[in-house]
Amino acid sequence: MVAAPRSTYSCVWGWVVSIDLLALVGAMLTIATPLVWAGIGEVVVERTGILNLGIEGTMYLGAFIGFLAALRTGSPWLGLLAAVVSGVVAGLAMALLTVTLGLNQHVSGLGLTLFLIAVCEFTFRLLYAGERPTLEQKFHTLLPGVAVLNQHWLTYVAFLVLAPAAWWVLRSTGMGYRLHAVGENFEAADVAGISVAATRYVALMVGSALMTVGGAFLTLAVLGSYTLDIINGRGWVCIALVIFAQWRVWPTVFGALIFAVTDALQLQLAITTAFGSIPRELMLALPYLAVITALAVWGRKVRYPGSYLRAYRRG
Amino acid sequence: MRLVLRGRQPRWVAPVAVLAAVLATVVLTAIPIRLAGANPPAAFHRYLVTPLSTTAGWYEVMLTATPLLFTGIAVAIAFRAGYWNIGAEGQFLFGAVATTGVALALPGLAAPLAVPLGFLAGAVGGLVWATLPAWLKKRADIDEVVTTLLLNPVALLLVQGLLNGPWRNSSSGFTDSDRFGHGYDLPALIPGTRVHWGLGVAVVVIAIAGILLTRTATGIRIRAAGQAPRAAALSGIPVNRLRWRCALVSGAVAGLGGASQVMGVQHQLTQGISNSYGYTGVIVATLGGLSALGVFLVAVLLGDLSVGAQNVSLVLQVPTQLGAVFSALLMLMVLSAMSLRRYRVQWSRPRGRRTPASGGGS
């Protein structure tokens, strides 16, 4: 790592020089990883016209179940597997509520989030009241000592496998077409012989599994422990990113990187005195404000999926 | 065996559905209680009955229910008009911030001035926080679910930023604001208890909302705008204007809740001033069927549950979060049951005619 020359100049150039660029990029990739996993999961779900506000709770679930399984078995791999299974179950629950029962999506999603957060907190308190358990074995970074590239394998997979694969699947495969058809016009999709319910079930199960991986990344790779506010609004950030990206994969990844760089920059700038005066909270609020501003500026041009927020009833 | 849409709904269906949902929730939450090593019937007795068995317990329940009364009716007003305000949390928080701003700027004010001013500031704060999403909805038809939701974390960050910066406690250095002047302390509604005038304000707001929504022409129009916006627009009801107004009123009511909590309970701004009251308000409004009486009853029920959860965690060592598990699960169950009640079980399939399916699994 390049040692950062510490600058005490209060001028702009002073703090530009003082930023350790390599450390910044490295931190940015790590911070963006859970957002990429969960954000792409949300893209998959929203492509079928379902707004999954259960994302925040699902990420908590992944972080918690992954941690619990890894702690009990001693293997982060089994932890990740357990997290993915829990994600499929959470997706199934959301599908049951919004597809089969046709309930209001915001209320179901919010209810699922509140339920899952409470369940995780309850179980954690029950099992480890007053303790702070940590994993003996967590995922290690791949290339210790190498700047930027010293990342977790889940980070590499997120950027080099998941994002291209999701892009390709959504764009060029039959599955992608089906998701899109259901999301844009489910009556037409049904007439064309695509099962609306099955497509939405699959999308919710796969998407929620990706969200739990995003959550589990925090406990299994970054922290090695579980805290009661571990997700801390990252799910809402993903909701924002996906709309900002207009339901496309690469802009979601790009948005995650932008969010991550402001956060990483904040960590760096907190070191330099010149920038200490900008409150961290303002920087953290930027992604939300950016999305609202973007929505306000683009206005009517934001094209939501045609069957957004609607339950399908045949006949 | 198939599920078939009912032709008509017998009267017994809805109560039976709700009862089934409550039973299912009780059975499902008995599992974690059992796992925690407690006896479920004894625990449920403590959750639901013990807090209401003493007068002091009732006071505590009413105190706990007060913020939920505000956020519940706030959400219900907006939902009634078909405006999906998920932002009561942010509006509650910004109401508390506005009240704090006034209280810190004018610390010496006497109670007759300070209390109304504090409430006014809270209402204006909540209204201001609700304005942007409502305006975007009205002007450009931008989905309010996302904008109201995303302003919640922004409000929380604002509170944290203020408490880390300009409003940090001047004597202790903790991230709480200074204590307000005593003029801002809401007087006790019932002398000798912690139940404060916030409860009185909440009940008045709920009563007004209830009368307005059910007994006036405006209320009928609001319901029409919420339930059948196209038909309402065709019959000359200004749907968008009604939604805009309901959105602002909803924000103001949530902001009043913030003012009530900060003046009545904490007497200072703290990071945990809203214990997810805004989000729980969605549960309260939904379970209460978006009616004033329903909101009141559900808020008291959740208050009861929350006081009971404290008791259970002390006596039976079941973590307090079971209360939150129960309320979220209850909402999902009741909603599911109310959806399922439209169907009846048909044991054999009629020949030759396709039946409308329930949507089915994968």
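The following paragraphs describe the interface between chain B and chain A of a predicted model, and then selected residues within the chains. In this predicted model, local features need pLDDT of at least 70 and side-chain atom pairs count only at pLDDT 80 or more, whereas totals for chains, interfaces and linings use all residues. Residues are numbered from 1 along each chain as its sequence is written, chains are lettered from A in the order in which they are written, and side-chain values use heavy atoms, with hydrogens and water left out.

The interface is considered first. The size of an interface is often given as the accessible area lost when the parts come together. Here the area buried between chain B and chain A (the accessible area, with a 1.4 Å probe, that two parts lose on being put together, summed over both) is about 4000 Å², and carbon and sulfur atoms give 78% of it. In chain B, the residues that lose the most area to chain A are B:Leu150, B:Leu157 and B:Gln321, together 14% of what that side buries. Contact, defined as heavy atoms within 4.5 Å, involves 52 residues from chain B and 43 residues from chain A.

Across this interface the rule finds zero salt bridges, a salt bridge being a side-chain nitrogen of Lys or Arg within 4 Å of a carboxyl oxygen of Asp or Glu. Several elements of chain B give two or more residues to the side that touches chain A, among them helix 1 (13-35), helix 5 (111-140) and helix 11 (277-287); helices are DSSP runs of H or I of at least four residues, numbered from the N terminus. The largest share, twelve residues, comes from helix 6 of chain B.

Helix 11 of chain B is largely enclosed by the rest of the structure, because eleven of its eleven residues are buried, that is, under 20% relative accessible area (1.4 Å probe, protein chains only). The buried residues include B:Tyr277, B:Val282 and B:Leu287. Just after this helix, B:Gly289 takes a positive phi of about 65°.

B:Ile206 lies in helix 7 (residues 197-215) of chain B and counts as buried because its relative accessibility is 5%. Leaving aside residues up to four places away in sequence, B:Ile206 touches B:Leu69, B:Ile73, B:Ala292, B:Val295 and B:Phe296.

Over all chains, the structure holds zero disulfides, a disulfide being a pair of cysteine sulfur atoms within 2.5 Å. For A:Cys120, the nearest cysteine sulfur, that of A:Cys238, is 17 Å away. A:Cys120 is buried at 1% relative accessibility, and B:Cys246 is buried with a relative accessible area of 5%.

Definitions and conventions. Buried < 20%, exposed > 50% of the residue type's maximum accessible area, 1.4 Å probe, protein only.
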